[in-house]
Amino acid sequence: MFSQLVMLGSSGMLLTALIVLWRKHVPAYISAYRLQVWLLAGVTATVGYFTSDWRLFAVAFVLVVLKAIAIPALLRTMLRRFGAQPEVRPYVNTETSLLVAGLLVLFAYVLARPWMAVTDLPTRDALPIAMGLLFVSLFVIVSRRKAITQVIGFLMLENAIALLAAVGTYGVPLLVELGVFLDALMGFLVMQIFVYQIHETFDTIDVEQLTRLRH
Amino acid sequence: MPSLALLLVPPLVAAALAIVVKPYRRFVGWAGVVLASLSAAASGTLAIQVVRDGPVFGGVGDIWRVDALSAMLALCIAFVALLASMLGPGLADERDGDPAQTRRFRIFMNAFAFTMLAAVTTGNVALMWVAVEATTIMSAIVIPLDRTKASVEASWKYILICSVGIALAFTGTVLAYFDFVSTAGEVPGSLNWDVLRDAAPSLHPELLQLAFAFILIGYGTKAGLAPMHTWLPDAHSEAPPAISAMMSGVLLAVAMYAIARWKVVVDGAVDRRFTTTLLIAFGLASVALGAFSLVIQRHYKRMLAYSSIEHMGLVAVALALGPLGMFAAWLHVANHAIAKSASFLLAGRVLRRYGTTEIDDVTGLLRAMPWTGTLLAAGILALVGLPPFGLFVSEFLLVRAAVETRHLAVVGMVLLLMAVAFVSLLGHLNRMLYGDPPPAVATGERRSWPLFALAVPIALLIVLGVALPAPVDALIRQCVASLAP
Amino acid sequence: MSRAIAILFQTLLAAGLAPLVGGFIRWVKARLNGRRGAPPWQPYYEIQKLLGKEAVVSRTASWIFRATPFVVFSTSLVVASFVPLVAAPAGRFIAGDLFAAVYLLLLGTFFLALAGLDTGSPFGGMGASREMTVVALTEPTVALSIVALALNAGSTSFSQIVSRTLAEPAAALGPGHLLAFAALFIVTLAETGRLPVDNPATHLELTMIHEAMVLEYSGPYLALVEWGASLKLFVFLALAVNLFMPWGIAVSLAPIPLAIGLVTFVVKIGVLATAIAVLETRVAKLRLFRVPELLSASFVLALLAVLSTFLTR
């Protein structure tokens, strides 16, 4: 039951990342990210429940407050400022992106084999999915043109690592968890500042325009 | 313990002071300098203490762990931070800049210095990671000090690429932690470096290989190793000169420090050749990329940035070449920190006078700014590895280590690439130094205290190059010893 | 009851029930739109009407045009005779498995596309090319979904798959299962010409795919083609329902399990048909160049299903 629930939650997280590759409008990305955070909180809480580690409940709670409520709100404010410009021509088109995502998940499965062989934790089936989510988030960052989509890709990358820590090691020590949260929050705030700055100086958040620096 | 506090607390105090005093006043800058010198002095005493007595621990649960390597890096960081503090906006400007910008600079420069110091003095690999991520954030905020398109673009690329890299490094950390927990169970202090190092022989090799791959790519992005270096020339050239000095001089070294720490852990479980091959591959790629990019350079700040990539590549190669190579690596890190930070700060002075970053537009440096020109020439001669400067010694030791460990192909390539860099850098330097200054540029230079401040690093380089002082030698030997498995 | 009689009974049941499913979906959509709508058994009247009318055939059409309605109808009927509808007894029910089912249906589609080209009318050619695009993109997904199911069960025969899922209900919640179901559902919508891929009620040049191919058919030919199409929808729904949620299906050929099986089958098909009707009311038809995106997404879902089944065994 434990393993099933964790597997469901992790697969759901992976599917929400696919939504970012599939859809073209930023509000859809924000909703997908919010859903992903809720699923992550669910997985963390499940791990906490089945291992009787109540600190993980606190972690899940902070996750929800910070990343499912605060950050999407900030993202939506940003979006209102810039107007809704769809991601019309990403560097890699939709069909190819989805196929590449599938291949990346396959790659993650191959990479995670030694890891899965070593352990017999009930959550180990979710390890390749977490790594797949990591690679797909990286791909989102690389293949999308709008700065705000890159930020969302980065946020999903952090979710992927949190999932990895949750299912692989049942979470990391609390101090580290705190430091990681702080870093994530500050990193996001700074990125947000930068997207505003990009918009002010360039009048667009299409990163294709950021080409002044060459050799 | 007190020297540890004196090392870490002053930058925080300086940052807090800059936050509180709004608008910026000059005394904040001077207070920052005093605090930075306090920090530098503390790092010196800490180094002496560590060489004499062994690692120093501190903090709750032994969070802080300062061994010889940490002390040496802390010394470099504190020294460069002191230079940046003295010569950054707000104190050494010929004309006072925008006070809001200066205040932002003072806050984040000190915060940046603190995060770097924290990264090298903590014994917990996860906290080290947190601190390195914090350095990215702190430095990224202050790169676009004046909001030009180029600087905004540079800082966006910087924060995105480095955050992604750091995230990968965290994945590697989690993988290694996972391996440890699955073999030894959850032990308090399981993320401490010395615990990991001691437990290494019992960990699973394939897992640690995977972890090291992630860590090398992740921290390597921060260190500017090719092919993850794309953010570096932009970020280092667009940042204010004092920040470029800190980033190029010591931040890259902090990232290499993280890689070196993990290398020791992984070497305990996996055949040495794995890390050696990877480090040499990435290192040589970086040296090649840096050297060849120098040939076509048109901007002198980017030139210095690519030179950093080249030097970090050399450090990576040296780390893979056994104990003598390690000695060469850390000596090189120290020398490079001094030389690169001085060069960037001098380049900043040139930029302020000439108003342009293009090499072609900077001519007659020796006539327009004789002192700065001479010092910059010395800095660049040091960076190409000419005697009597310290980098010659470390590069010579690197070559000797490569010969001793029978990596003769590496020797050949390194010498060739260093020659390419040598020719390019000297060519660019010559074009800048000689000739007539452009008519719009004022000629002549007063002897001011910043010049004295910048002469000190150059003098240090000569001292380190001519005769390595015994304490320094002992410190670096201890660095190598502390990294032995 | 002997196997032969059971097969005959199943075939008749399928042929008889199929038009009702299409009519039911149409009726639910009408009700959701606030209309009264034609009764669910309207398609029977339509088939009866068409059978009595004269067939008009283009002069340039060849034997393919005349043969296609029979091919379409017979392939769908043959497939309907061996997929698990009401019963999935152990052992080989009939020579036929999942691959045979899918590729027989594909044969029908292929002939339909040929017939569209055969008439020489521009609509037919356009419909045929669009249909082939869609089918080309759905086939890999179908193959992967089959592989995902077969991996779990160890065979591609229906009875094996069904009995495996019945024996391990917990596996039905697993991601491999759910992802394969999602992929197959999207494929169903694509192959049977339902929204958001194709609108079954349109005759506008810009929007029709299946309708364009059968535009030239009239009279008995049209009746057979429509019946065949509704049988195809019926078969796909039956597959979706019985491979992934087989509870209630009869595992032997005794009367009482068969009766239970029939009732649960009707209920399940009704639920799925309602879901399709609701979906069609909610979504708009995708523009043609966006259809590959949807189909790539379903391919990736099927790929993920295979990965999670295969690599975590």
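Predicted model: local features only at pLDDT ≥ 70, side-chain atom pairs only at ≥ 80, totals over all residues.
Me: What makes the radius of gyration of chain B agree with a compact globule?
Reply: A compact globule of 485 residues would come out near 23 Å, and chain B has 21 Å, so the two agree. Its C-alpha atoms fill a box of roughly 70 × 55 × 45 Å along the principal axes, and 66% of the residues of chain B count as buried.

Me: Over to chain C. Why is the pair F70(C) and Y221(C) called edge-to-face?
Reply: Ring centres must lie within 6.5 Å to pair, and planes over 60 degrees apart count as edge-to-face. Here the centres are 6.4 Å apart and the planes sit at 85°, so edge-to-face it is.

Me: How do you know that this pair ties together separate parts of the sequence?
Reply: F70(C) belongs to helix α3 and Y221(C) to helix α9 of chain C, so the parts being tied together are 151 residues apart in sequence.

Me: Why is Y221(C) called buried?
Reply: The cut-off for buried is under 20% relative accessible area. Y221(C) has 17%, so it counts as buried. F70(C) has 45%, so that one counts as partly exposed.

Me: And what makes F181(C) and F244(C) an edge-to-face pair?
Reply: Their centres are 5.4 Å apart, with 65° between the planes. This pair also links distant parts of the chain, helix α7 and helix α9 of chain C, with the two residues 63 apart.

Conventions. Residues numbered from 1 in each chain as written. Chains lettered and ligands numbered in written order. Heavy atoms only, no water. Rg over C-alpha atoms; globule rule 2.2 N^0.38 Å. Buried < 20%, exposed > 50% of the residue type's maximum accessible area, 1.4 Å probe, protein only. Phe/Tyr/Trp six-rings, centres within 6.5 Å; stacked < 30°, edge-to-face > 60°. Helix = DSSP H or I, 4+ residues; strand = E, 2+ residues; numbered from the N terminus.
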